[in-house]
Amino acid sequence: MNGTIAVTDYGWYEFLQKKKLPEVNFWKPSDRRQFHAPAFSPFFFKLKAPHNAICGFAYFAQWSSLPDWLAWECFGEGNGCRSLQELRDRLARIRKRIRYDSSRSINSIGCILLVQPAFFDPEDWIPQPADWRSRTVSGKSYDLTTGEGLRIWEQCQDRAAIAAITTADSRYGSAQTVHPRLGQGTFRVAVTDAYGRACSVTNEHSLPALEAAHLRAFASDGPNEIANGVLLRADLHRLYDNGYVTITQDLRLQVSPRLREDFSNGHSYYPLSNRTINLPNNPALHPDRDHLAWHHENVYLG
């Protein structure tokens, strides 16, 4: 198993160390170089000199190129900032320092989306790899089964286990190992990218108008998994959540007659009825039939 050790801004660490959030965005000022790693592989935060230490870790969910406003909508303070304006100000300062040419592409940032982060108190920091080169300014992959990679991985697990025991709620007994999973923000980005950033019904590509809908509601034990999601235009998402439309087992949109009965309208929606939805290229990410059935049986007003 491999993991990534990435150079981390101290201010980003200091801000998030106090927040105890379920997911964070390790963003870069440019989206021109994608980050690749196995899904849910460990991702370690390494502080620069004079600290030269591992200050925490998380699990890699996915990489995405996002406009700053969407990164803020999805992750909020998980970006390591108090506000969208602070994020933009920090981004501008970094781009000015590195002489970033924003005219070469749309104004998006590179987002390494991480789940289940653990940030250590300074007294629990772990010495950086003995073979770390000072000229390494971004990140490096390490084998976690041997040498320095194994040392760091084992020490991180020990510290995370202690933190879990310390913060466990006595109502639920001792702390349990939790397998990494998508949070709400990573779910939204993952569904958006899986559907090619287009509404599955209308093929609308205007990103501000698109939302990731849960097939089975999160509040009703619906998981944050792509197979429990579909990308919809915002108005269709609202209608879906309120039962006025559904997606059938044969992957067609169905519009309820209640829309006409309740509002004496719906003229723009009935022409969409019986339309087959567009699907992700990867069949493993297609809507789960059990989740579709749950919505039809428990929410749809047909």
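Q: What share of the 302 residues in the chain do buried residues make up?
A: Welcome! In this predicted model, 46% of the chain's 302 residues are buried.

Q: What makes up the secondary structure of the chain, and what does its C-alpha trace span along the principal axes?
A: The chain has 8 helices and 11 strands. Its C-alpha trace spans about 70 × 55 × 35 Å along the principal axes. Of the contacts between residues at least 6 apart in sequence, 71% join residues at least 24 apart.

Q: What does the pair of tyrosine 13 and tryptophan 125 tie together?
A: Tyrosine 13 sits in helix H1 (residues 10–17), while tryptophan 125 belongs to the loop between strand E5 (108–119) and strand E6 (126–127), so the pair ties together parts that are 112 residues apart in sequence.

Q: How do you know whether tyrosine 13 is buried or exposed, and what about tryptophan 125?
A: The cut-off for buried is under 20% relative accessible area. Tyrosine 13 has 2%, so it is buried. Tryptophan 125 has 16%, so it counts as buried too.

Q: What makes the pair of phenylalanine 45 and phenylalanine 119 stacked?
A: The centres of these two rings are 5.1 Å apart, with 10° between the planes. Planes under 30 degrees apart count as stacked, so this pair takes that name. Phenylalanine 45, at 0% relative accessibility, counts as buried, and phenylalanine 119 does so at 12%.

Q: Which residues do ring pairs link into a cluster?
A: The cluster includes Tyr13 and Trp125, along with Phe45 and Phe119. Tyr10, Trp12, Phe26, Phe35, Phe43 and Phe60 are linked into it as well.

Q: How do you know that arginine 260 lies over the face of tyrosine 270?
A: Arginine 260 is at 4.1 Å from the ring centre of tyrosine 270, and the rule asks for a distance within 6 Å, together with a position within 35 degrees of the ring normal.

Q: What makes lysine 20 and asparagine 203 stand out?
A: Neither is a glycine, and yet lysine 20 has a positive phi of about 55° and asparagine 203 has one of about 65°. Lysine 20 is in the loop between H1 and E2, and its 64% relative accessibility counts as exposed. Asparagine 203 is in the loop between helix H5 (184–194) and strand E8 (210–214); with 41% it is partly exposed.

Q: What kind of peptide bond joins alanine 49 and proline 50?
A: A cis peptide bond, with omega about 10°. Proline 50 is in the loop between E3 and strand E4 (53–67).

Q: What volume does the largest cavity have, and which residues line it?
A: Its volume is about 30 Å³. Leu70, Arg188, Thr192, Leu207 and Leu210 form the lining, which divides into 3 nonpolar, 1 polar and 1 charged residues.

Q: How much space lies in the second largest pocket, and what lines it?
A: That pocket holds about 1200 Å³ of space. Its lining has 37 residues, with Val7, Lys28, Pro29, Val137 and Ser138 nearest the centre. H3 gives the most to this lining, with 5 residues. By class, the lining residues are 15 nonpolar, 11 polar and 11 charged.

Conventions:
Residues numbered from 1 in each chain as written. Predicted model: local features only at pLDDT ≥ 70, side-chain atom pairs only at ≥ 80, totals over all residues. Heavy atoms only, no water. 1 Å grid on protein atoms, 1.4 Å probe; cavity = no way out; pocket = protein on both sides within 12 Å on 5 of 7 lines; lining within 4 Å. Points joined across faces, edges and corners; volume = space filled by probe spheres on them. Helix = DSSP H or I, 4+ residues; strand = E, 2+ residues; numbered from the N terminus. Nonpolar A, V, L, I, M, F, W, Y, C, P; charged D, E, K, R; others polar. Buried < 20%, exposed > 50% of the residue type's maximum accessible area, 1.4 Å probe, protein only. Phe/Tyr/Trp six-rings, centres within 6.5 Å; stacked < 30°, edge-to-face > 60°. Contact = heavy atoms within 4.5 Å.
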